[in-house]
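Reader: I'd like a close look at a single part of this model, and then a sense of the surroundings it belongs to. Please spell out any cut-offs as you go.

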Amino acid sequence: MEPHYQHLYEILANAQGYIFPNEIDLQWGILIVVYPFITGLVAGAFILASLERVFKVKILKPTYQIALLTALSFLLVATMPLISHLSQPQRAYEIMITPNSSSAMAIFGFVYLWYLMVVLLLEIWFDYRHSMVVWSNEKKGVIKWVYKVLTLGVSDISPRTVKWDRKLGYIITVIGIPSAFILHGYVGFIFGSIKANPWWSTPLMPIIFLFSAMVSGISLVMLVYMVISHIRKKVIDVNVLDAIGKYLFFVLILDFTLEGLDQIQRIYEAEESFEIIKLLVSGKLYLTLFVAQGLVGTIIPLITLAFLQFYKHKIKLRKTMYFIVSILVLIGVYSMRWNVVIGGQLFSKSFSGFTSFKVGLIGLDGTLMAAFWLILPIGILAFLLWLLPPWKMVEEEE
Amino acid sequence: MSQSTSAMGNEKIKSSRRKFLKSAATLAGATIGYSWLKSSQVLLFAAEPKDESLPWYGIVIDIQKCIGCGICAKACKNENDVPIEPFFFRTWIEQYTVKNDGSVNIVSPNGGIDGFKQTVPDEDIFKSFFVPKMCNHCSKSPCEQVCPVGATYLSPEGVVLIDEKYCIGCRYCVQACPYGCRFMHPVKKVANKCTLCYHRLKKNLAPACMEVCPTGARMYGNLRDKESELVKFLKEHTTQVLRPNLNTGAKLYYNALSSEVR
């Protein structure tokens, strides 16, 4: 017997109630949990960067480039879990060549490319062009040529051109904000538009995805800022943390409210799927929903952040608290993705039973692979920070 | 004063009326134009095909006739090269047992291929019946809607089919089907489902499951042909589709469908 079947027989033996026979095997595994988590980080990090740029939040300046490069690092990897979960990955390009216009998923390639090519890369390029020209003149050897290539031959650094860089970068940021909203709201729509699945099908899904994306992206940038400062042996500016923490606090409140609203609506309307969903959240999702997402990822960070809004003493303690909060929030948002993606497949569409899910360690759809896709962007970020160090950029007068 | 005001008012009304009529005409024109352009699609989605020379297939399953022998599910697997493991079914049979206490016991061991054994003691049974399941060949099928590359499509005869050479294996269609009719073929590595034995239909042969059903519980036919057995049956019986609230345009009609069935 093939190991795959062996695994399915085990699940079949543990199925509860009645499930359609084709539902034993979960169609979307851990990679599809990782995918919205990564895109969420991208959108959230970008929105934080935009805050600084468009709304001129000066205090966030030290995190601006970090946020952009973080967004880029994760965006470069975002498609990989998707493509590697396909049964026919060699046909993935078909989604770009012959997209089915009625499919929410078909638009992904275009939204992705728009966001990568038009928004992120251009914005980073305009932002770094001046510095890259200077670096290409200063450095020697291969790296000199790398910078030269990256400037795309535009080596004019007259004040007028540099001013244009800034202007165009600003315009792209303005375009980028709705783009980031679309990128992740769209990911929510992929789930929210599936009317067959009552756990997914809610018009709030894109908005919930968006706000949880912002929550996770902001936390990640805060974390990355702290880690980078630590590695560079620079003092972590607690005022920066306070500013990010304030945004995180407000967005987390909104996120919590929206998700709460979604659940209250479900409970109050109590449609035909209510009983099975009640069993789902109180059983198979109890740990990941109430403990990981609710308590660890939302309630504890909310209380801590509320406390930090008026507690302005011991700087070291505050930093530690921000550090812990950012990690807890990331755990919470990852759990949220898990609860949506895996939770939505655990109950039968007959509303009469449950299948179960066990993540394998190895294989294309296993934990190691998922961990790889989560760690790879960190490696890319380290490389980008080395190549394009924000702290060595040419200072421009405002 | 009042006269001039009213005169001015009239003038105003006239001009605003003209404006209104103009925009109303434009809107109406645009709507008619649009609906004319879209008319073919509207027709198609209203469960009537464009090509009148072709049949528009519908299915009837008479729950009162099903005896749960499971031969249909077995024949389907043989005919369509469906793996024999109990996780892949183009059609299967469910046994519903409503107990006296109101609880419902639903089972489908190996899709019903090996038949059923009633495990609920007779004295506890309020009622029991079998429900064969298969693709509903929806005219507004969610699976077709979500396929990112259009590998799933509705044939001109109203049969939902999959282009196996085109499917990228994203499994979105499996998620979108509310009836659990789709699965990933473990060997072909693409989505798979009932084709209403399209290869047989093309040769004027009945789908395998219907061919072998000893009681004639399953029927297929041309919904456009008002003289067909199928349409006659639909006229004479009160039938229902599964999950009508989802508006999938299901063309699988059940006779004597009990409210417990989803």
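Author: Let's settle what packing means here: two residues are in contact if their C-beta atoms, placed from the backbone, lie within 7 Å. Helices (H or I, at least four residues) and strands (E, at least two) are DSSP runs, numbered from the N terminus. This is a predicted model, in which local features need pLDDT of at least 70 and side-chain atom pairs count only at pLDDT 80 or more, while totals for chains, interfaces and linings use all residues. Residues are numbered from 1 along each chain as its sequence is written, and chains are lettered from A and ligands numbered from 1 in the order in which they are written.

The part I'd pick is helix α11 of chain A, residues 286-310, which has a kink of about 45° centred on A:Leu295. The bend at a residue is the angle between axes fitted to the seven residues ending there and the seven starting there. Its buried residues are A:Thr288, A:Leu289, A:Ala292, A:Gln293, A:Gly297, A:Thr298, A:Pro301, A:Leu305 and A:Leu308. Buried is a neighbour count: 20 or more other C-beta atoms within 10 Å of a residue's own, with 12 or fewer making it exposed and anything in between partly exposed. And what do those buried residues of α11(A) pack against? They sit against α9 (238-269), α10 (274-282) and α12 (315-341) of chain A.

Now zoom out to the rest of chain A, which holds 14 helices and two strands. The C-alpha trace spans about 70 × 55 × 35 Å along its principal axes. With 398 residues, a compact globule would have a radius of gyration near 21 Å, and the 23 Å of chain A agrees; that radius is taken over C-alpha atoms, and the globule rule is 2.2 Å times the number of residues to the power 0.38. Of those 398 residues, 46% count as buried. Among contacts in chain A with a separation of 6 or more, 79% come from residues 24 or more positions apart.

As for the inside, a nonpolar core means a set of buried Ala, Val, Leu, Ile, Met, Phe, Trp, Tyr and Cys residues joined through C-beta atoms within 7 Å. The largest one has 177 residues, and A:Val42, A:Ala45, A:Ala71 and A:Val221 touch the most other members. Helix α2 (residues 30-54) of chain A gives this core its largest share, 17 residues. Leaving aside residues up to four places away in sequence, A:Ala45 touches A:Ala67, A:Thr70, A:Ala71, A:Gly217, A:Leu220 and A:Val221.

Then there's the partner. Chain B has seven helices and 11 strands, and 39% of its 262 residues count as buried. An open sheet of four strands there runs in the order β9-β1-β11-β10, with mixed pairing; strands pair if DSSP finds at least two bridges between them. β9 (218-222) and β10 of chain B are the edge strands with a single partner each, so one side of each lacks a neighbour in the sheet.

Where the chains meet, 38 residues come from chain B and 36 residues from chain A. On the chain B side, β3 (104-107), α3 (142-146), α4 (172-176) and β7 (183-184) each supply at least two residues. The largest share of that side, four residues, belongs to α4(B).
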